[in-house]
Structures are given as structure tokens and as C-alpha cells.
Amino acid sequence: MIQNAILFFYKNDDKLGNYFLNCASHAKYLLNMKDTIKQTYVKNENCNFPYIDQVELPKHNEKSLLLIYSHGDANGFYKDDCTTPFIDKTINCETCLNGGLVYTNACSTGIEFGKSLLSQNASYFGYEQDIDVWLDYEKIFIECDNWGLYRLLQGDTLEKAKEEAKEKFNQKIDELYAKNLLVAGALENAKESIVIYGEVSNSFL
Amino acid sequence: MEIIVIDDNLDEDAPIIVELGILYDDQNIKLFSRSNDGLDYIKKNLYKKLIVILDINFPADEKNGHEVLEEIRKYDKLIPVIIWSAMDGSTDNFTDFINNHALFYVNQTEEYAVIIDKVKEAEHRLNLDVATAIENWLYKQDNKDKTIMISGDNESYSANDLINEIRMQTEKGRKLEENILKLTISLLFRGKEKI
């Protein structure tokens with residue numbers, strides 16, 4: 001079982017910073033339900049590749065859960081400038097990634113980054129497409145983004161957590177579609193974008 | 001829904017105008033003999049469901065049908081435009097009508113029933129159109145300038161922004177439509193809705 005969590009988020013983004021912060025706060029609340037998991041936070045200006053690669057990750061000498069709430073593309077994770085990734089496919093942490101899990105709500109990171117973790121014996125839960133956030137429905141988007149994490153913390157396998165997350169999306173879609181078709185459409189798109197890689201039959205937490 | 005007829009050879013008593021008025025109510029038929037006036041009206045009423053019947057030839061100081069359609073498409077890629085003219089393909093270049101997505105061409109020598117059928121078909125397409133449904137929903141939002149959505153690439157959108165994305169059929173606009181189609185299929189497969 002993983003007993004070490006490293007949580008990355010960037011709140012200084014004037015558009016989605018607050019959303020990422022609230023996602024991270026919600027994740028922290030979920031992690032607190034399991035007091036055996038140590039928590040480390042890497043936030044704001046510390047979200048840069050040299051710090052993470054050379055300072056933060058080497059501190060973690062056990063398989064870890066990396067929770068990342070940020071912008072993303074196929075290859076990695078970004079702050080608001082979306083130019084230089086703070087984590088990408090070249091991330092290398094033999095101890096924290098070996099048997100570890102990356103869980104994220106960052107757009108499209110499932111396309112390449114998620115697959116690349118297989119070479120380090122790590123697993124991935126996230127999205128393979130761009131995801132829209134509707135601001136008046138932020139709580140619903142956060143709950144759906146983190147439902148897979150919640151299920152993992154309940155002991156579900158990665159595969160089961162994915163199915164449960166999709167079910168949560170369906171529940172919210174069914175509540176919303178009659179009055180807000182576009183928000184329900186965005187949730188449907190996010191639901192269909194969830195991908196997992198790695199030890200899908202493992203319980204990690 | 002309004003039918004915009006832009007033709008300098010018609011008046012209010014023309015049989016086609018009378019027929020359209022019977023079918024769609026007189027107040028929903030807008031006849032413009034000056035193409036520039038018709039274009040101005042369309043620009044100011046993009047929020048309505050519109051179908052345009054457009055002649056090609058106008059006096060030299062007015063935009064011709066080609067120019068009117070090109071101008072409409074700068075603001076809205078979705079309004080159905082039916083070209084209705086006495087000219088045929090041998091005397092005019094129709095390529096730009098195709099490129100600017102004219103819906104139909106009807107020769108004025110045809111029976112009125114033909115143009116009426118084409119208007120009905122355009123109406124049917126509008127009623128089934130996902131983009132139109134999305135546009136109508138966005139128009140009902142109270143504050144259309146308030147940011148309501150942030151996209152994955154960190155762009156913020158108000159209802160007005162999204163309406164524009166839909167009208168101009170941008171990548172974002174098409175993605176919104178795609179999401180609704182995916183949602184519809186999912187709701188049908190999960191038994192939440194029936195056809």
C-alpha cells in the first residue's frame with residue numbers, strides 16, 4: 001500500500017488557480033480520512049521542474065501517490081503560462097514512482113505522459129482530452145475530478161475506481177442535463193476522457 | 001423564426017410573400033428590396049432563428065447576392081441561405097455560393113411551391129440542428145458577458161463568446177456540439193431518454 005502522497009497544485013493562475021486550489025483542498029480532505037498517509041505539498045512557485053526533479057522528489061524514498069492539479073497537455077503539467085512543464089515525461093524518481101501512482105485532473109496528460117509512466121513501473125489515472133470547467137458548477141466538477149481518488153482511498157483497484165468515477169459523472173449528468181445541457185455535455189466529455197494505465201488490478205491506497 | 005427575403009423585384013403582394021405569410025405569419029416575413037438594408041437587419045437579429053431567401057442581382061450601388069452571402073458568413077456560418085434568382089450557372093459563377101454554404105439554389109422560373117418546399121426543409125434542418133439548440137440555450141442566460149466557462153487551454157468564455165464560437169463554427173464551437181451529441185448517445189444507451 002502507498003503511504004506517501006505528494007500533492008502538486010498552482011493557485012496563482014488568474015483563471016483556474018482557484019479551481020486547482022479547491023481541488024487540492026478537497027483531495028487533502030479525502031487524504032485526511034486515512035491518517036496513515038503522509039502528505040507533502042508542492043505549490044505555486046515550487047511547481048518548477050528543477051525544484052521537483054532535484055530537490056523534492058529525491059526526498060521521497062518510498063512508492064508514492066503523486067496528485068497533480070494543474071494545466072496539462074499530452075506530455076506534461078503546466079502553470080498558467082503553459083510553456084514550460086513543471087513535470088513531464090522525463091520525470092525520474094526510481095523510488096517514488098516504482099509501484100507508485102499519478103492521479104491528476106490535468107487535460108490530455110493521459111495521451112503520452114500517462115503511458116510513459118509504464119516504463120518506470122508507475123500507474124496513471126487522468127484524462128486524455130481537454131476538459132472544460134463551468135464555473136457556476138465548480139463543486140460538481142471537483143467532486144467528479146476527485147471521485148476516483150476517493151474510491152482508491154476506499155480500497156478500490158484502479159480499474160474499479162475508474163468505473164466508479166464514471167458512475168459519479170453519470171449521476172451528476174443525470175441531475176443536470178434537463179436544465180443545463182452544455183454543462184452535462186462537458187461532464188460527458190470528461191467522463192469519456194478518463195484513462196488508466198499500469199497496474200489496473202491493484203489497490204494502491 | 002423569421003424569413004428574410006432580399007429581392008429588389010418583389011413587393012408585399014407578390015405571391016411568394018403572401019404564401020410565406022400564410023405559412024409563417026405575416027409578421028415573421030421581412031422583405032427588403034435593398035440588399036444593404038437586408039444585411040443590416042440580419043446583423044442586428046442574429047439572435048433570432050433566421051432563414052434567408054436571397055436574390056443575386058441588385059443595382060450597382062447595392063451589394064449583390066454573392067457579397068451579401070459573403071458578408072453574412074463573416075458573422076454567422078449557420079443561417080440557412082437559399083439563393084433565389086433568375087440567373088443560372090451558365091451566366092454566373094456559383095463557386096462562392098458553395099464555398100459560403102448556401103443551402104439551396106432555386107431558379108425563379110420554378111413554381112412557388114419549390115421555394116416553399118426549400119424553406120420548409122431549411123426550417124426542419126434548423127429545428128434538428130444541435131448548434132441552434134445550444135445557441136438558444138446560451139441566449140437564455142441572464143448575464144451573457146459573465147465568464148461561465150474556462151477551457152482546458154485556459155481560455156475564458158462568456159455566453160456571448162460561446163454563441164460566437166458556435167456561429168462561426170470554430171474548433172471550440174464544434175467541440176460543444178460534439179459534447180452534446182456524445183451526451184445524447186450516452187443518455188439513450190443508458191436508458192435515460194428515448195427516441
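## Across the chain boundary

How many bridges join β9(A) to strand β6 of chain B, and do the strands run parallel or antiparallel? In this predicted model, β9(A) and β6(B), the latter spanning residues 147-150, are joined by 2 bridges and run antiparallel. One pairing to look up on screen is that of Trp134(A), whose bridge partner in β6(B) is Met149(B).

## The contact between chains A and B

Chain A contributes 24 residues to the contact, while chain B contributes 20 residues. On the side of chain A that touches chain B, the elements giving two or more residues are β9 (133-134), α6 (158-176) and α7 (181-193). Of these, α7(A) gives the most, with 8 residues.

What is the make-up of this side of chain A in nonpolar, polar and charged residues? The side of chain A that touches chain B holds 12 nonpolar, 4 polar and 8 charged residues.

## Inside chain B

Now for chain B itself. The domain assignment divides chain B into domain 1, covering 2-128, and domain 2, covering 130-189. Taken over C-alpha atoms, the centres of domain 1 and domain 2 of chain B are separated by 27 Å.

The two domains of chain B also touch: 8 residues of domain 1 are in contact with 6 residues of domain 2. On the domain 1 side of this contact in chain B, you will find 5 nonpolar and 3 charged residues, with no polar ones.

Note on methods: Residues numbered from 1 in each chain as written. Chains lettered and ligands numbered in written order. Predicted model: local features only at pLDDT ≥ 70, side-chain atom pairs only at ≥ 80, totals over all residues. Contact = placed C-beta atoms within 7 Å. Helix = DSSP H or I, 4+ residues; strand = E, 2+ residues; numbered from the N terminus. Nonpolar A, V, L, I, M, F, W, Y, C, P; charged D, E, K, R; others polar. Pairing = 2+ DSSP bridges. Domains from an automatic or database assignment.
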